[in-house]
Amino acid sequence: MTQKVVALVTGANRGLGRQLATELVARGAKVYAAARRPETVDLPGVVPIQLDITDPESIHRAATVADDVTVLVNNAGISTQATLLSGPIEDIRAEMETHYFGTLNVSREFVPVIERNGGGAVLNVLSVLAWLHPPTSGAYSAAKAAAWALTDALRTELAPKGIHVAALHVGYMDTDMVSYIPAEQKTDPAHVAAQAISGLLNGEPEIIADELSRNVKAGLSTANTA
Ligand SMILES: NC(=O)c1ccc[n+]([C@@H]2O[C@H](COP(=O)([O-])OP(=O)(O)OC[C@H]3O[C@@H](n4cnc5c(N)ncnc54)[C@H](OP(=O)(O)O)[C@@H]3O)[C@@H](O)[C@H]2O)c1
């Protein structure tokens, strides 16, 4: 991208979103740090903005205020750890409402903004679990797989409009979401954010940020032949 980056990052108050916003600021971008509770955004140099990705009115309001955006980072997410057969159906729906419909609704509001501003890019934060579907995280994996399909379809739909769409795949990162996982199994979200923003701005369609994700991706073509 050659023009000045004006980015909006969802879920920018903590975790990976906070690191993605930090990385974008370090590269000279104007950054809207979107959060359900904008008063929890503590990063210097960003513009806090209210945005609940499951609330269409909130998304519309944010797109009206942040009308100079050229880069959208769909990062906000939840992990209920619901299993598909015995987990609460409300949790299974919440995963879809967040990762799939939330990402879709934010994209539907912000793509026209990016288009009006001359084109740009969208980064969707997915997971290795978009490809790997253990029953213990059935609801999360299904929602991330849906968001992966959405990402691929939007990439083709938006290319003629000069909007690049990228996916980030990663395994465990050291954030609140997986505080129960031992530290040695997690990557540093700051390192992931740096890779993600470099890949996005270099026009990569798929940013694979750790070895686990690279191995799982490599195994996809052979997974069903055993
Ligand atoms: N951590 C991992 O191991 C891992 C691995 C692969 C992918 N990911 C993905 O990485 C992304 C970031 O997760 P994280 O690890 O940084 O988790 P996190 O520390 O739990 O942060 C989640 C962020 O998403 C926000 N959020 C959740 N629901 C939202 C909604 N409806 N509207 C707006 N914001 C919402 C949270 O806001 P509040 O503060 O208001 O709750 C918070 O800012 C997610 O998409 C996650 O699925 C994480």
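In this predicted model, Q81 is found in the loop that lies between β4 and α3, where helices (H or I, at least four residues) and strands (E, at least two) are DSSP runs numbered from the N terminus. The phi of Q81 is near 60°, a positive value in a residue other than glycine. Q81 is partly exposed, with 15 other C-beta atoms within 10 Å; a residue is called buried if 20 or more other C-beta atoms lie within 10 Å of its own, exposed if 12 or fewer, and partly exposed in between, with C-beta atoms placed from the backbone. Residues are numbered from 1 along each chain as its sequence is written. Because the model is predicted, local features need pLDDT of at least 70 and side-chain atom pairs count only at pLDDT 80 or more, while totals for chains, interfaces and linings use all residues.

Strand β1 (residues 6-9) is covered on both faces, with V6 and L8 buried on one side and A7 and V9 buried on the other. In a regular strand the side chains alternate between the two faces of the sheet. Strand β1 runs parallel to β2 (residues 30-35), to which it is joined by 4 bridges, and V6 stands opposite K30 of β2; strands are taken to pair if DSSP finds at least two bridges between them. From β1 the chain crosses through α1 to β2 in a right-handed β-α-β crossover, that is, with the strands pointing away from the viewer, the path from the first strand over the helix to the second runs clockwise. Strand β1 is also parallel to β4 (residues 71-74), with 3 bridges joining the two, and here V9 stands opposite V73.

Around the ligand there are 29 residues, of which G11, G15, A76, G77 and T175 come nearest, a residue being near if its C-beta atom, placed from the backbone, lies within 6 Å. The elements giving two or more residues to this shell are α1 and α3 (89-116), and the largest share, 3 residues, comes from α1.

Helix α5 (residues 189-201) has 13 residues and reaches 18 Å from its first C-alpha to its last, close to the 18 Å expected, which is 1.5 Å times one less than its number of residues. Its buried residues are P189, V192, A193, A196, I197 and L200. These residues lie on the same side of α5 because they cover an arc of only 125° around the axis, the arc being that of the directions from the helix axis to the C-beta atoms. Just after α5, G203 takes a positive phi of about 80°.
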